[in-house]
Amino acid sequence: MKEYLVFRLYGPMASWGQAAVGGDRPTDMQPTRSAIIGLLGAALGIKRDDESALQALQQSILVAVKQCVPSSLIRDYHTTQVPSHNNKIVHRSRKSELSEDKLNTILSSRDYRCDGLWIIAVSLTEQAEISLGQLKGALHKPVFVLSLGRKSCPLALPVQPQIVMYEKLKDALDTEFPAITRSLNEDALWLGSNDRVTYFWEGDKAAMEHSSVVTTHPWDEPVHRGRWQFKQREMHQLSAEEDAHVSI
Amino acid sequence: MSQFIQLHILTSYAPSNLNRDDLGRPKTAKMGGFDRLRVSSQSLKRNWRVSELFEQAMSGHIGIRTKRFGVSVFDALIKAGVKEKSAKEWATSIAGVFGKSKKDALEIEQLAHISPAEQDAAMTLAAVLAAEDRAPTQEELNLLKADQTAVDIALFGRMLASSPAFNVEASCQVAHALSVHSVVVEDDYFTAVDDLNDGKEDAGSAHIGESGFAAALFYSNICINKTQLVENLDGDENLANKAIQALTEAAVKVAPKGKQNSFASRAYASYVLAEKGEQQPRSLSVAFLKPVNDEDHANAAINALTTQVDNFDKVYGACADSRYAINAIAGEGTFTELLEFVAQ
């Protein structure tokens with residue numbers, strides 16, 4: 001038996017940042033490991049420059065995700081005006097920045113997932129310095145606002161964190177949550193469910209017994225927040241028909 | 001945990017093109033599988049930040065307007081026993097932070113607003129320089145202007161890759177505004193006539209073009225982390241309250257300016273629900289997952305929103321401690337009371 005902290009993430013728009021260089025800011029299909037660490041870190045009130053606290057959190061948890069619906073991709077064309085860099089001037093408001101004579105336009109294209117719904121199961125590692133209860137409390141009453149990968153993508157549901165005990169990881173990820181709309185069938189209709197779900201997990205590949213488990217190596221294990229460095233990690237995934245008894 | 005203030009806003013815009021993509025067409029997103037009109041959070045924030053409201057929210061915190069600040073610093077250094085030549089040099093570099101130094105003088109060329117916090121920081125730095133008998137470093141000079149943060153930066157944050165010392169974590173979250181109903185972006189085929197063409201030889205137009213537009217009732221969601229905002233403003237709760245009120249007023253009254261001259265689409269919010277509490281903030285967009293499709297759009301949207309608030313509370317427990325709403329369709333509540341509520 002293993003203990004899991006299970007919660008649900010939903011919002012009309014989400015952006016699970018992948019490796020991004022320059023103006024292209026792609027999104028993954030499901031929350032990355034670094035995104036979940038960031039979300040929990042924000043809930044706990046860990047500041048971005050607090051490397052040791054971030055590292056402690058990172059070493060404490062294993063993350064598994066169930067992508068419940070396919071979600072769709074949109075690309076946002078984004079322009080920003082910024083004044084040329086000048087060491088002598090620190091602008092104290094946006095209005096003052098825009099009053100500079102020379103303004104440059106920065107272009108970027110940012111990707112989002114629309115109509116996404118994910119269930120997250122967090123478990124503790126052997127060297128965990130934090131308890132699932134602490135994480136649960138922090139999600140209920142967070143210190144910083146939570147978001148789905150980008151600050152402009154708020155959560156559109158209470159995440160309803162709960163601590164569950166299961167033999168199998170899949171059972172934790174199949175935890176039933178209340179319907180978002182009037183019924184689970186209606187949820188499936190508006191969120192475009194195709195009755196296929198995908199499980200993503202780290203650690204033991206055999207946590208799900210199936211012949212088509214795929215192992216990938218995403219770059220989403222944070223190395224250093226300040227330098228914005230990530231390394232690869234091993235992740236297993238399995239796409240399957242949603243079990244008949246769990247209707248989304 | 002923190003104190004959160006959430007705003008849920010419904011605003012109706014007549015046909016317009018508030019926020020454009022790379023093709024000049026209105027931005028869209030999908031929600032509930034249907035296309036929705038969208039105004040990006042960046043567009044909303046930019047229009048609020050550059051509005052007069054934020055400057056007004058800062059008034060009273062702006063300090064003195066002077067060219068002669070260097071003289072005060074010089075006097076302080078001389079009083080602390082610094083040699084005249086060094087005092088002049090150091091005072092000039094400190095004053096130079098706030099404006100361009102005049103040649104061979106302590107004054108700067110323009111009038112500069114120097115906040116009380118900046119004056120304090122400059123005088124503290126002068127005392128350190130006098131005690132250690134050395135010139136200020138570039139970093140010390142840079143920090144002089146970082147001490148007081150404007151309300152817009154305290155709310156929306158700032159990231160400067162080149163000088164992280166000035167980074168500020170945003171205390172306010174602004175969602176992309178999405179229409180509560182499905183939209184089809186329409187195309188306006190237009191021609192422009194040349195006034196000096198009398199049409200005798202060539203009756204054609206001087207310019208033809210196409211412009212996308214759509215009308216929508218938008219739901220927008222804003223969440224302010226008051227605890228963090230107060231921290232960003234160095235503990236000044238009074239200023240934080242002014243900032244929250246300024247943001248509320250901007251969000252309710254300031255419209256995105258895209259294609260404003262073609263569509264004159266300025267609008268005030270029709271319905272605003274403000275919520276306060278320490279619970280995990282959540283947007284109410286799910287109320288519109290099923291697109292609103294009703295002859296009376298505005299009331300249908302308000303009903304969907306208020307039902308969603310109740311249903312969330314029923315299923316998950318109270319999602320906020322207190323609430324206040326204004327409804328400009330039914331004429332309920334007042335904006336003044338809303339401003340009082342958010343700043344209490």
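Okay, A:Ile119. This residue sits in strand β7 of chain A, the strand that covers residues 103-124. Keep in mind that what we're looking at is a predicted model. Is A:Ile119 buried or exposed? It's buried, with a relative accessible area of 3%. And the cut-off for calling something buried is under 20%, so A:Ile119 qualifies.

What does A:Ile119 touch, if we skip residues up to four places away in sequence? On the list are A:Val6, A:Phe7 and A:Arg8, then A:Ala64, A:Val65, A:Lys66 and A:Cys68, and finally A:Leu173, A:Thr175 and A:Phe177. Take A:Leu173 from that list: 54 residues separate A:Ile119 and A:Leu173 along the chain, yet their C-alpha atoms are 6.3 Å apart.

Hold on to A:Lys66, one of those contacts, as we turn to charges. Over all chains, the structure holds 28 salt bridges. One of them joins the side chains of A:Lys66 and A:Asp174, at 2.9 Å from N to O. A:Lys66 is in strand β5 of chain A, residues 61-67, while A:Asp174 is in the loop between α5 (169-173) and α6 (184-190) of chain A, so this pair ties together parts that are 108 residues apart in sequence. Both partners, A:Asp174 and A:Lys66, are buried.

A:Lys66 also makes a salt bridge with A:Glu242, side chain to side chain, at 3.5 Å from N to O. That's another link between distant parts of the chain: A:Lys66 in strand β5 of chain A and A:Glu242 in the segment after β13 (235-241) of chain A, 176 residues apart. A:Glu242 is buried, and A:Lys66 is too.

A:Lys170 comes in at 22%, which makes it partly exposed.

Elsewhere in chain A there's a salt-bridge network, and its members are A:Arg33, A:Glu202, A:Asp220, A:Glu221 and A:Arg233.

Now out to the surface. Which residues form a nonpolar patch there? They are A:Trp219, A:Trp228 and A:Phe230, and together they have about 380 Å² of accessible area. You'll find A:Trp219 in the loop between β10 (214-216) and β11 (221-224) of chain A. With a relative accessible area of 52%, A:Trp219 counts as exposed, because the cut-off for that is over 50%.

Okay, chain B. Look at helix α3 of chain B, residues 69-79, and helix α4 of chain B, residues 84-95. They pack at an angle of about 145°, and their axes are 8 Å apart. The crossing of α3(B) past α4(B) is right-handed. Who's doing the touching? From α3(B) you have B:Gly70, B:Val73, B:Phe74, B:Leu77 and B:Ile78. Facing them from α4(B) are B:Glu84, B:Ala87, B:Lys88, B:Trp90, B:Ala91, B:Ile94 and B:Ala95.

Last stop, still in chain B: B:Asn241, found in helix α9 of chain B, residues 237-253. B:Asn241 has a relative accessible area of 15%, so this one is buried. Leave out its neighbours within four places in sequence, and B:Asn241 is in contact with B:Lys226 and B:Ala343.

How values were computed
Residues are numbered from 1 along each chain as its sequence is written. Chains are lettered from A and ligands numbered from 1 in the order in which they are written. This is a predicted model: local features need pLDDT of at least 70, side-chain atom pairs count only at pLDDT 80 or more; totals for chains, interfaces and linings use all residues. Side-chain values use heavy atoms; hydrogens and water are left out. Patches are made of residues with over 30% relative accessible area and no salt bridge: like charges are joined within 9 Å, nonpolar side chains (Val, Leu, Ile, Met, Phe, Trp, Tyr) within 5 Å. Accessible areas come from the Shrake-Rupley method with a 1.4 Å probe; for residues, only the protein chains shown count as cover. A salt bridge is a side-chain nitrogen of Lys or Arg within 4 Å of a carboxyl oxygen of Asp or Glu. Helices (H or I, at least four residues) and strands (E, at least two) are DSSP runs, numbered from the N terminus. Buried means under 20% relative accessible area, exposed over 50%, partly exposed in between (1.4 Å probe, protein chains only). Axes are lines fitted to C-alpha atoms, for helices over the stretch in contact, and angles run from 0 to 180 degrees between N-to-C directions. A crossing is left-handed if the near helix is turned anticlockwise from the far one by less than a right angle, and right-handed if clockwise. Contact means heavy atoms within 4.5 Å.
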